[in-house]
Amino acid sequence: MNARAERFLNHAILALFAVIAVFPMIGIVAQAIQLPHADFSAFGTAWREGHFAAYLRNSVIVTAVTVVVAAVFSIMAGYALGTMRFRGSAALFLLFLAGLTIPTEAIVVPLYFDLRSAGLDNSYAGLILPQVAMSVAFGTFWMRAYFRSVPRSLLEAARIDGASSWTTLWRVLVPIGRPAILTMLLLTTMWTWNEFLLPLVIINSDEGLRTAPLGLSFFQGSHKTDYSLLMAGALIIAAPVVIVYVFLQRQFIAGMLSGAVKE
Amino acid sequence: MTTVARRKTPKAGRAASDRRAARPGSGPPGEPGRIGWLYALPALLVYGAFLLWPLARGAQFSLYHWDGLGEATWAGLSNYTATWTDPSLRGAFGHLLVLIVFYSVLPCCIAFVLVAAMSRTKIRGLTFFRTVLFLPQVVAMVAVAVAWRWVYSADGPVNTVLGWLHAIGLPDWRHGWFGDFTFALPAVGVVGTWVGIGLAMVLFLAGVQKIPRELYEAARIDGAGAVREFFAVTLPGLRRELAVALTLTSIMAIRNFDLIYMATSGGPGDATKVPAYEVYNRTFNTGEVGLGCAIGVTLAVLAFAVTAGIRRLVEGKDA
């Protein structure tokens, strides 16, 4: 086989798998707008009947608070573990690292019973706090790797200039660490936005607090086979993450693929 | 261990003070030391209270029989033995094994062979292909489930194509896939293959680019054919990526709640029950909280073992 033919074949294989990868997504869109009629009324119906305005608002609130709190905590913990030498730091890092593999399934049942006794089920706090905990495990791991890559001379220079460790962190390291922080923000946003099991269990009676994915599951319960409505709903909840992904795919991919690797 | 050894053999003079300087907690003057704990504290508190503590509580619950309402009675390890003596649960773990093949082994093998076949040429438009192939990873699983329920539906695309094949004389292969006792589990598995294959291809494509061109040239000068080249250059060069892909995809199979809940609810019958679904089902539908927790703990151990095991496999060969 000559090089030209080989080259053509390789691109054809890639194109085939690219088509397979988007096919169900194209199907979602085609069904939702009822091609070839290009009728957008399903979105309006789904939006109203599925109460997606309220559910998206809940998702935005839960995701925003979770991501911001987790980012601040992760940056601080990653700074400590990446740049400071203190007794027990190695053990502490391993403790956070262990959290990377803990599946939601292993903690969701005890969380339900303990949050219920504490009166935190059916509340934003009951959704946010456990997701901050899950995000912090990855965030600390991720930010530690970034802070370790910062040249020590930079830290020493800041210290000689009289900057406290707090000032050094927020005025020197965080501004130059924006790419690493952006990746962390994107990933925790996606995970929190897409999380389904936790809201399903924690938001068990207050319909007004349902997040978007949870809303979709109830919407499916009441419109079992009305695919154009269901697809419109699916599109509404998936679109925010997909749009951000299309613009920042490099950060998404790099982050998700490195999470399971180094050290 | 090394610090203990150091303390046992103290040496006088400068050497000792050098060693003290390298000890954690006493860096150069002005370097922050113990304050590190303060920085780590907020993260540690939330992490401890809402991840580690529930994990420990889950382990505790798993030792009791409890319906979630009344008195709990001591169960010892019987909830754990039930995970392989209860036929329905044994079935669920069996389904997990089948799904690991579909979610992890199949996508990695297919992607590996495809990418290896491409390793001889430069790919144009790599960014575009990467973006598209990776897309299934970022779509909420609940939305993926809705999309695939349509793909498999009575007059969805799969049955439509099978209908055409039937029209040209082939047997009628049309099914209600997610509702069929024989085909529901493989149908779920195919969704996993679809999600995983893009991830594996993206990883391997990136890895192949990093293998030095000279290795391929050297192999070709030595007269190696495509197959020899695959085993001598591509496979060793992609070992790390292979490990990452296997880890990520098998963890995906283990944490397979959203898709099962949305697409089949474990049905028909027990046909697509998996441990991740049984954690929820046993706790909230059949009132076996202890058993639900035991399955959850088992999944956590399994996820940890898979991650550690695959990594050891790769690093062990490196050493």
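This is a predicted model: local features need pLDDT of at least 70, side-chain atom pairs count only at pLDDT 80 or more; totals for chains, interfaces and linings use all residues.
Residues are numbered from 1 along each chain as its sequence is written, and chains are lettered from A in the order in which they are written. Local features need pLDDT of at least 70, side-chain atom pairs count only at pLDDT 80 or more, and totals for chains, interfaces and linings use all residues, while side-chain values use heavy atoms, with hydrogens and water left out.

The size of an interface is often given as the accessible area lost when the parts come together. Chain A and chain B bury about 8,700 Å² between them, of which 74% is on carbon and sulfur atoms; buried area is here the accessible area (1.4 Å probe) that two parts lose on being put together, summed over both. Of the area that chain A buries against chain B, 8% is supplied by A:Leu14, A:Arg85 and A:Glu105, more than by any other three residues.

Across this interface one salt bridge is found, defined as a side-chain nitrogen of Lys or Arg within 4 Å of a carboxyl oxygen of Asp or Glu. A salt bridge joins the side chains of B:Arg57 and A:Asp114, at 2.8 Å from N to O.

Over all chains, the structure holds 37 aromatic pairs, which are counted if the ring centres of Phe, Tyr or Trp (its six-membered ring) lie within 6.5 Å, with planes under 30 degrees apart taken as stacked, over 60 as edge-to-face and the rest as tilted. The rings of A:Tyr245 and A:Phe252 have centres 5.5 Å apart and planes at 80°, so this pair is edge-to-face. A:Tyr245 is buried, with a relative accessible area of 0%, and A:Phe252 is likewise buried, at 2%; buried means under 20% relative accessible area, exposed over 50% and partly exposed in between (1.4 Å probe, protein chains only).

B:Phe61 and B:Trp66 also form an edge-to-face pair, 5.7 Å centre to centre with 65° between the planes, and B:Phe61 counts as buried at 10% relative accessibility. Both residues belong to one aromatic cluster, whose members include A:Tyr112, A:Phe113 and A:Phe196 as well as B:Phe257 and B:Tyr261.
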